[in-house]
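Student: Please take one part of this model and go through it closely. I would like the turn, its surroundings and the packing beside it.

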Amino acid sequence: MFTGIVSDIGTIKAAEARGDLRVVVDTAYDTAGIDLGASISCSGVCLTVVDKGPGWFAVDVSGETTSRTAQGQWSAGRRLNLERAMKLGEELGGHIVTGHVDGVAEVVEIAPDGDSQRIAIRVPGDLAPFLAAKGSVAVDGVSLTVNTVEDRADGTRFTINLIPHTQKVTTLGGLAPGQPVNIEIDVLARYLQRMEHYRAKAG
């Protein structure tokens with residue numbers, strides 16, 4: 001489990017196909033304190049550390065994962081939002097994030113809003129029912145509050161605000177229109193939707 005509070009921005013040093021894709025990530029983490037087998041969220045994707053050294057760790061990314069995450073995310077030079085798995089008793093600063101991406105969305109508009117940026121993101125139709133104003137969403141692993149949700153002719157879009165701090169400490173400050181992003185819906189919304197499905201069947 002994660003909280004969606006990014007604690008480092010890593011950079012992919014190398015990506016090599018070995019059946020699965022072996023990805024080596026440069027990081028500011030003290031990797032001496034990271035066990036092999038530990039989970040790290042990489043731009044919203046929960047991955048297992050399979051190798052490490054001073055200032056870097058390696059993960060294996062399956063074909064299933066590459067097919068369900070943002071195009072180009074696993075290429076050398078790509079920056080990743082990193083978060084280590086939460087420990088019991090730690091402060092839950094964002095919201096509960098599983099590291100299981102629900103879909104890939106597209107940034108459609110970025111506009112200044114005071115010192116912040118207001119970003120509009122278009123989501124696949126199957127994710128639209130899980131988004132609500134003032135609810136939570138993880139975008140590339142970052143816990144954010146949904147400002148608005150709007151159904152339009154070209155699909156459903158939601159907006160978020162990025163304060164200067166979030167722009168600085170995550171990769172989201174470098175987003176551009178047309179860019180794909182990983183989306184994880186709020187786990188509570190997922191279960192509520194499932195409950196409604198069974199309530200409707202029973203009714």
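Tutor: What follows is a close look at one hairpin and the residues around it.

This is a predicted model: local features need pLDDT of at least 70, side-chain atom pairs count only at pLDDT 80 or more, and totals for chains, interfaces and linings use all residues. Residues are numbered from 1 along each chain as its sequence is written, and side-chain values use heavy atoms, with hydrogens and water left out.

Start with the strands. Helices (H or I, at least four residues) and strands (E, at least two) are DSSP runs, numbered from the N terminus. S9 covers residues 136–139 and S10 covers residues 142–145. They are antiparallel, with 4 bridges between them. Two strands count as paired if DSSP finds at least two bridges between them. Ser136 has Thr145 in S10 as its bridge partner.

Now the turn. The hairpin has 2 residues between its strands. Asp140 sits in that loop, between S9 and S10. Its phi is positive, near 50°, and Asp140 is not a glycine. Most residues other than glycine have a negative phi. Asp140 counts as buried because its relative accessible area is 5%. The cut-offs are under 20% relative accessible area for buried, over 50% for exposed and partly exposed in between, with a 1.4 Å probe and protein chains only.

Ser43 lies between strand S3 (39–42) and strand S4 (45–53). Its phi is also positive, near 50°. Ser43 is buried, since its relative accessible area is 3%. Beyond four places in sequence, Ser43 is in contact (heavy atoms within 4.5 Å) with Asp140 and Gly141, and with Gln73, Arg79, Leu80, Asn81 and Asn182.

Gly141 leads on to Glu83. Glu83 belongs to strand S6 (residues 79–84). With residues up to four places away left out, its contacts include Gly141, Ser41, Ile40 and Tyr29. Phe2, Thr3, Gly4, Ile5 and Ser7 are also among them. Glu83 is buried yet has no salt bridge. A salt bridge needs a side-chain nitrogen of Lys or Arg within 4 Å of a carboxyl oxygen of Asp or Glu. The nearest side chain of opposite charge is Arg84, 9.8 Å away. Here Lys and Arg count as positive, Asp and Glu as negative, and His and the chain ends are not counted. What does the side chain of Glu83 reach? It reaches the backbone nitrogen of Ile5 at 3.5 Å. The backbone nitrogen of Gly4 lies 3.0 Å from a polar atom of the Glu83 side chain.

Last, the packing. The largest nonpolar core has 22 residues. Such a core is a set of buried Ala, Val, Leu, Ile, Met, Phe, Trp, Tyr and Cys residues joined through side-chain atoms within 4.5 Å. Ile121, Val139 and Phe158 touch the most other members. S9 and S10 each give two or more residues to this core, as do strands S7 (103–113), S8 (116–123), S12 (155–162) and S13 (180–185). A second, separate core of 17 residues includes Leu21, Val25, Cys42 and Leu80.

Key:
A polar contact is a pair of N or O atoms within 3.5 Å; within protein, one must be able to donate a hydrogen and the other to accept it, and residues adjacent in sequence count only if both atoms are side-chain atoms.
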